[in-house]
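Please examine the model shown below together with its sequence. The report that accompanies it is arranged by topic.

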Amino acid sequence: MRFWSQLRSWIQTTLRRSRMESEMDAELRFHIETFTEDLVRDGVSRQEALRRARIEFGGIERVKEEGREARGVSFLDELLQDLRYGQRVLRKSPGFAVVAVLTLALGIGATTAIFSVVNAVLLRPLAMEDPSRVVYLQEQWQDIFPGVSVGNFSDLKKLSTSFAELSASNNASFNLEARELPERVDGEIATANYFATFGVQPLAGRVFTAEEDRPGLPKVVVISERMWRARLQADPSIVGQPIRINGLPTTVVGVMPKSFDPLLSNSDVWVPAAYTAEQLADHDDHYLNVMGRLKPGMSQAQAQSELNVIAHRLQQLYPLDDKDRGFRIQPLTSVLLGDQRLGLRMMLAAVGFLLLIACANIANLQLARSRTRQKEIAMRAALGASPSRIARQLLAENAVLGLAGGVVGVLLAHWALSWILAHGPAEMPRLDQSRIDASALTFAISVALLSSLLFGLAPALRSASTRLNEIFKSTSGVSSGSRDRVRCLLVIGEVALALILMTGAGLLIRSALLVSHVDPGFDTSNVVVGRVGLPDPGYHDPAVARQAFERMITAAAALPGLESVAVVSRAPLAGGGSSNGLLPEGKPFDPANLVNSQLQIISPSYLSTARVPLKAGRDFTLQDTRERIFVAIVNETLARTMWPAENPIGKRFACCESGPKGRLDPVWHEVVGVVADVHAQGLGRQVQPAFYIPIAQMPPSAWDWIGRTMDLVVRTRGGVVPVQELQSTVASVAPEVPIYGLSTMQQKISDTLERSHFDTFLLAIFAATALLLSSVGIYGVLSYMVAQRTRDIGIRMALGASQTQIVWDVLGFGVRLAAIGLAIGIAGALGATRCLSSLLYGVHPTDAITFIAVSLLLLLVALIASYLPARRATRVDPIVALRYE
Amino acid sequence: MDKQLDLLQGTLDMLILKAVSLGPLHGYGILLRIQQISKDRLEIQQGSLYPALYRLEHQGWIASEWGESENKRKAKYYKLTVAGKRRLQAETENWNSMADVIAGILGTKPEEV
C-alpha cells in the first residue's frame with residue numbers, strides 16, 4: 001500500500017513539475033514574441049526585432065532557473081540536484097573517488113559482515129514464544145554450577161509456584177535404525193511439558209503427553225524436521241509409524257519444526273523421560289538441564305528468592321546430598337549465548353575502529369581537497385549561495401561517496417560472510433543463520449550515511465564558515481594552520497585506534513602461540529578416537545557391557561596397522577565427562593571435605609596407548625578386578641590438591657559408590673599410581689584434578705553416568721585411519737551399534753583451537769588493515785604538508801639547510817604525530833585489553849612484550865610512511881620553490 | 001528622452017503590485033504598463049520581471065490564470081489578491097514615509113543643523 005501511495009505522489013510531483021516547466025516556456029515565449037511583434041510594428045525588420053528582443057530579455061535559462069528558485073523548488077529536488085552535482089564532482093576526480101570508496105567499502109564491508117554474524121548469533125531472539133520469560137535453572141555447590149538431580153527437580157516442581165512450566169531434559173545419543181544402516185543421533189530425554197515450556201507447536205502430529213511420560217509404557221518419540229527430511233524422506237504419513245531406537249520399536253508421535261532447537265544442541269529426537277521411582281528419589285546425580293517459564297508478572301528475582309527458600313528446605317530434608325546446595329536461575333538466552341558475547345563484541349568493536357579509521361582517512365583527503373576547491377566554493381558563495389546551502393551541497397557530495405562505499409561494502413560483506421560461514425568455528429551457535437538480510441542492509445546504509453556525515457562534516461563546516469576575502473587573498477604557498485591541526489588530530493586518532501587493535505591482535509597471537517606450544521600431556525600422534533554407545537536394552541547388565549567393550553578391544557588389537565587399543569569413558573578434548581567428589585581418608589564425611597575431580601574409567605591398556613607418562617607407582621593390570629582391592633591412579637594436580645607435600649602412593653580416598661551398610665559406608669580406593677596432567681578440557685584450559693579407575697572395578701551405577709558410552713582409543717603405526725575396519729570390528733561384537741565421531745587426536749586438538757584461531761585471525765586482519773590505513777593517513781598528511789611548504793623548504797635550503805636536516809624535519813614531524821597517537825593508543829589499549837583477559841592463555845592483558853612489539857612495529861611503519869614525503873622534500877629546487885606559486 | 005534610472009533594489013515588487021492593481025495583466029503587459037506610467041524613465045531588466053512574478057505568486061500576493069491576449073494568443077494573466085492589496089497599501093505607506101524622511105535629510109541646509 002505504502003509503495004503505491006509513494007509512487008503516486010512521485011508521479012504527481014514529476015507531472016506538476018513538467019507542467020510548470022512547459023507553462024514557464026510558453027509564458028516567456030509569449031513575452032519575446034509579443035515584444036518582437038511590437039518592434040516589427042515600429043518598423044524594425046523581423047530578424048533584427050527578434051535579435052533585439054532576445055538581447056533585452058537577457059539569458060532565458062538564467063531567468064528560468066531564478067524562476068524555479070522563486071517558486072520554492074522542493075527540498076527533494078534540491079537534494080537530487082546536489083546528489084547529481086556531487087556525482088559529477090566525484091567523476092571529475094576519479095583517483096580520489098576510487099581511493100575513498102574502496103577505503104570506505106573496507107570499513108563498511110567489515111562492519112556489515114560482523115554485524116550480520118552478531119545479528120544472527122546474539123541479537124535474533126531464540127525461536128520460541130517470549131524467550132525473555134524462559135530461564136535456565138542450575139544447582140549451586142561451592143563454586144560450581146552442576147545440573148539438577150532428578151530428585152531435586154521433582155521436589156522443585158512440587159514446591160515452587162513461580163513457574164508456569166518447569167521442565168527437564170538431558171542430552172543423550174541414540175542408535176537409530178530407520179530404513180537404513182544404524183546411525184547415532186543426538187537427542188534429549190525430556191519431560192512431557194518440555195515443549196510447552198518453550199511454547200512451540202509441532203509441525204505434524206503432537207508432542208508426548210504426561211500419560212506417556214511414565215515408566216513402563218510403549219515407547220514414543222518426537223523427531224526433528226531435519227531428521228524427518230534427511231532420513232525419513234519427509235514421509236507425510238510418518239506420524240504413528242514405528243522406527244527402531246536403541247533396538248526397540250518406537251512410535252513417532254510428532255515432528256518438531258526446523259527452528260525448534262531451544263538448547264541449541266542440534267537434537268533430532270526427543271523421548272519421554274519417564275523417571276522411575278528410583279530416579280525420582282535420587283538426589284545425588286546432578287545432570288538434568290532444567291528450564292522454566294516464569295509465570296506472567298513474576299520476575300526473575302522473585303523466582304530466585306523462592307528457590308532460595310526451597311533450597312533451604314531441601315538441605316534439611318536431604319542433609320547428605322543437598323547440604324550447602326542452592327539453585328541459580330539465569331535467562332536461557334544468556335546461558336546459551338553468553339559465551340559468544342565477548343568474542344563477538346570484540347569483533348564488532350574492532351570493525352568499528354576500522355570504520356572510524358577509514359572515515360578519518362577520507363576526512364583527511366576531503367580536507368586536502370577542500371583547499372584546492374576553496375576558490376570554487378568561494379565563487380559559489382560570492383554568487384549568492386548561503387553557507388548552509390554550500391554545507392548541504394558538500395554533505396550531499398559525501399553522501400554520494402558514502403552510498404557508493406556502501407554498495408561496494410555490501411559486496412565485500414557478502415564475500416566476507418561466506419568466508420566466515422565456511423571457516424567460522426563450528427561450535428558458535430546459529431552462525432549458519434547469518435546472512436546479508438534486510439536488517440544487515442539497513443545497517444550498511446545507516447553506517448554509510450553516518451560515516452559520510454562523519455567525514456563530510458568537518459570539511460563542510462569549514463567551507464561554510466570561511467570568509468570569502470581570505471580565500472581570494474590567500475595564495476597556495478601559505479598553509480592555513482588550523483586546517484593542518486585538524487588533519488594532524490585525525491591522524492593521531494587513527495594511530496591510536498590502530499594501536500589498540502594491534503595490541504588486541506598481538507595479545508591473541510601471543511596467546512595462540514603459547515597454547516600451541518602447550519604439552520597436551522600425552523602423545524597425540526597417530527592416535528585415533530571414536531565413540532561407541534551400547535543401547536540400554538541389550539546391555540543393561542554391567543558385566544555384559546564391560547565384556548562387550550573388552551571384546552572390542554581384543555578384536556581391534558588384532559587389526560593390522562594398529563599398535564594398541566583401549567577404551568576410556570571420555571577421551572581428552574572430547575568434551576563432557578563426569579566428575580565425583582572424593583573424600584580423602586582421615587577426614588570426616590562432610591561435603592565441605594570433598595575434592596571435586598574428573599572421573600576417567602579406563603581399560604588397563606589406556607595409559608600406555610595414549611602414552612600418558614607414569615610419574616610414580618604402577619599402571620593398572622588385568623588383575624585389578626572388583627574381587628581385589630579397589631585401586632586408582634591420580635593426576636599430578638589431584639595429588640597436589642589432596643595430599644600436598646605427601647607421597648600419594650598408598651593413600652586412600654572414598655568415592656563413587658557406597659558400601660553394603662548404606663550411604664555412609666565408604667568404599668575406599670587406593671592410589672597405586674600418579675600420571676602426568678592431561679589437558680583434557682582443551683589446551684588453553686586449566687588442568688582439573690582427575691582420577692582414573694579400571695573398567696573392571698567401576699561401580700555398576702557408573703554405566704548410567706556415562707550412558708554406556710565409551711571412547712575407543714587406538715594408536716596406529718601411522719598411515720590411514722582404519723575407519724571401515726574399526727566399524728566392522730565394533731559391529732562384529734555389537735551388531736547394530738555404530739562407532740561414530742571417528743577422528744585423529746590432532747584433528748580434535750585443532751578443532752578445539754578453531755575458535756580462538758578464528759578470532760585471532762580476524763583480529764589480526766583488522767589490525768593489519770588499520771595499520772595500513774593509518775600509515776596512509778600519515779603519508780597523506782606529510783605529503784600534503786611538504787607540498788604546502790615547498791616555498792618554506794626552498795628558503796631554508798637557499799639559506800644553507802642540508803638535505804639531511806630537511807629529511808629529519810619531515811621524519812620528525814611524522815614520528816611525532818605517530819608518537820602522540822601511540823601514547824593515546826597505549827592508554828586506550830590498557831583499558832581495552834582488560835576485557836580480553838578471558839580469551840587469553842598465559843598472557844597478561846597488559847603484557848609488556850606485546851605492547852612494546854606493536855608500538856615498535858607501528859613506529860617503524862610510521863617512519864616508512866614519513867620517509868617518502870621527506871625524500872620528496874629534499875628534491876625541492878630552491879629556485880623553483882621560490883617561484884612556486 | 002530623459003536619462004533612464006536604475007531601479008532601486010526591492011522596488012520592482014512594489015511596482016508590479018501597483019501595475020496589476022489597475023487590472024489583470026500578462027507579464028509583457030506589466031512591463032509596458034510600468035514603462036508607460038513612468039514615462040520610460042525606469043530601466044527594468046525584462047528577464048528579472050518573471051522571477052519577481054513567480055516569487056510574488058508563491059507568496060500569495062498575486063494570482064495567475066491563462067487567458068487570451070489582444071493578439072488572440074494564450075497568455076498568463078496576473079491579478080492582485082486580497083493579501084496583495086493589503087501588502088501594496090503597506091508598502092506604499094512605508095515608501096512614502098521613507099521618501100519624506102530621506103527628502104527631508106537631503107533637503108537640509110547648513111543653517112538648519
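## Basis of the model

This is a predicted model, in which local features need pLDDT of at least 70, side-chain atom pairs count only at pLDDT 80 or more, and totals for chains, interfaces and linings use all residues. Residues are numbered from 1 along each chain as its sequence is written, while chains are lettered from A and ligands numbered from 1 in the order in which they are written.

## Domains of chain A

An automatic or database domain assignment divides chain A into domain 1 (2-73), domain 2 (74-131 + 337-474), domain 3 (143-323), domain 4 (480-519 + 752-885) and domain 5 (535-736). Taken over C-alpha atoms, the centres of domain 1 and domain 5 of chain A are separated by 97 Å.

## Nonpolar cores

A nonpolar core is a set of buried Ala, Val, Leu, Ile, Met, Phe, Trp, Tyr and Cys residues joined through C-beta atoms within 7 Å. A residue is buried if 20 or more other C-beta atoms, placed from the backbone, lie within 10 Å of its own, exposed if 12 or fewer, and partly exposed in between. The largest core has 225 residues, and Leu501(A), Val713(A) and Ala770(A) have the most contacts inside it. Helix α12 (residues 332-372) of chain A supplies the largest share of this core, 21 residues. A second, separate core of 22 residues includes Ala19(B), Ile30(B), Leu49(B) and Leu53(B).

Two residues are in contact if their C-beta atoms lie within 7 Å. Beyond its neighbours within four places in sequence, Ala770(A) contacts Phe353(A), Leu354(A), Ile357(A), Leu497(A), Ala498(A) and Leu501(A).

## Helix α26

Helices are DSSP runs (H or I, at least four residues), numbered from the N terminus. Helix α26 of chain A (residues 848-874) has 27 residues and reaches 38 Å from its first C-alpha to its last, close to the expected 39 Å; the expected span is 1.5 Å times one less than the number of residues.

At Tyr867(A), α26(A) bends by about 30 degrees, and Pro869(A) follows within four residues. The bend is the angle between axes fitted to the seven residues ending at a residue and the seven starting there. Buried residues of α26(A) include Phe851(A), Leu858(A) and Pro869(A).

## Contact between chains A and B

The contact takes 19 residues from chain A and 15 residues from chain B. On the chain A side, α1 (2-41), α2 (46-57) and α3 (60-70) each give two or more residues, and α1(A) gives the most, with 8 residues.
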